[in-house]
Amino acid sequence: MGVQTLPPSRRAFLRSAAVLPFGLLAGCGTPKIKPSGDGSDQTEATLGYVNALRKDRGLDPLTRDPAAAQAALSQAARMAKAGKMSHLIGLGDSFLSRMKGDGVALPAAENIAMGQETAERAYLAWYNSPKHLENMLGSNYTGLGVAVMRNPASGNQPFWAMVLSTG
């Protein structure tokens with residue numbers, strides 16, 4: 001019994017039919033997740049640490065950005081609901097779509113953490129990570145939002161998100 005080959009037009013159709021669902025998913029915006037669990041805005045608790053660091057490096061201080069605080073709370077809620085620390089959760093997730101959806105001025109950066117019990121410990125985890133430290137020292141950033149979220153579905157582990165913005 002020989003191998004049957006499909007005509008080129010049929011092969012092209014099958015290839016596009018197999019890829020189409022993924023293309024449609026990738027084009028979808030990131031859905032907003034309503035916070036479920038115990039969360040709070042930790043911007044004020046973190047702002048002093050970040051601004052002391054920036055002052056030591058000769059950089060301008062940051063101010064609380066309400067849009068960045070909302071984006072941080074949304075991201076912390078997403079991670080707590082999923083039970084994992086990740087910038088991207090689910091098919092079609094997009095950092096830019098999330099930031100635009102929350103009204104965050106771009107460019108923006110996001111730091112995430114998991115397991116720290118206080119804002120100070122979350123800040124120290126970011127400080128001790130070269131890439132996260134680089135974000136906190138970004139000279140183009142002017143705004144900050146920080147949040148923590150716990151969800152019973154993920155063992156009430158604290159999930160942290162920091163959003164730095166230009167607005």
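**View 1. L164 lies in strand β5.** Strands are DSSP runs of E with at least two residues, helices are runs of H or I with at least four, and both are numbered from the N terminus. This is a predicted model, in which local features need pLDDT of at least 70 and side-chain atom pairs count only at pLDDT 80 or more, while totals for chains, interfaces and linings use all residues. Residues are numbered from 1 along each chain as its sequence is written, and side-chain values use heavy atoms, with hydrogens and water left out. L164 has a relative accessible area of 0%, so it counts as buried; the term means under 20% relative accessible area, with exposed over 50% and partly exposed in between (1.4 Å probe, protein chains only). Leaving aside residues up to four places away in sequence, L164 touches L62, P107, A108, A109, N111, N135, M136, Y141, G143 and L144, where a contact means heavy atoms within 4.5 Å. One of these neighbours, N135, is 29 residues from L164 in sequence, and their C-alpha atoms are 7.6 Å apart.

**View 2. L144 belongs to the largest nonpolar core, a set of 20 residues.** Such a core is a set of buried Ala, Val, Leu, Ile, Met, Phe, Trp, Tyr and Cys residues joined through side-chain atoms within 4.5 Å. The members that touch the most others are W126, M136, L144, W160 and M162. At least two residues each come from α2 (43-56), β3 (109-114), α5 (119-127), α6 (130-136), β4 (143-150) and β5 (159-165). Which helix gives the most to this core? That is α5, with four residues. Zoom in on L144 and you will find contacts with T43, L47, V50, L62, T63, R64, D65, A68, M162, V163, L164 and S165, again not counting residues up to four places away in sequence. Apart from this core lies another, of 18 residues, including A68, A71, A72 and M149.

**View 3. Helix α2 has its buried residues on one face.** If you like a quick geometry check, the 14 residues of α2 should span 20 Å at 1.5 Å a residue, and the end C-alpha atoms are 20 Å apart, which agrees. The expected span is 1.5 Å times one less than the number of residues in the helix. T43, T46, L47, V50, N51, L53 and R54 are the buried residues of α2. Viewed down the helix axis, these residues fall within an arc of 155°, so they line one face of α2; the arc is that of the directions from the helix axis to the C-beta atoms. K55 and D56, on the other side of α2, are exposed. After α2 comes G58, with a positive phi near 75°.

**View 4. Y49, Y123 and Y127 are linked into a cluster by ring pairs.** Rings of Phe, Tyr and Trp (its six-membered ring) pair if their centres lie within 6.5 Å; planes under 30 degrees apart count as stacked, over 60 as edge-to-face and the rest as tilted. A search of the whole structure turns up two aromatic pairs. Y49 and Y123 make a stacked pair, at 5.3 Å centre to centre with 20° between the planes. This pair joins distant parts of the chain, as Y49 sits in helix α2 and Y123 in helix α5, 74 residues apart. Is Y123 buried or partly exposed? With 8% relative accessibility, Y123 counts as buried, whereas Y49 is partly exposed at 31%. The other pair, Y123 and Y127, is tilted: 6.0 Å separates the ring centres, with 35° between the planes. Both residues lie in α5, four residues apart, or about one turn of the helix. Y127 counts as partly exposed, at 32% relative accessibility.

**View 5. Helix α5 packs through its buried residues against α2, β3, α6, β4 and β5.** The buried residues here are A119, A122, Y123 and W126. Looking down the axis of α5, they fall within an arc of 100°, so they line one face of the helix.

**View 6. A82 is found in helix α3 (residues 66-82).** With 39% relative accessibility, A82 counts as partly exposed. S154 is 72 residues away from A82 in sequence, and the two are 7.4 Å apart in space, C-alpha to C-alpha.
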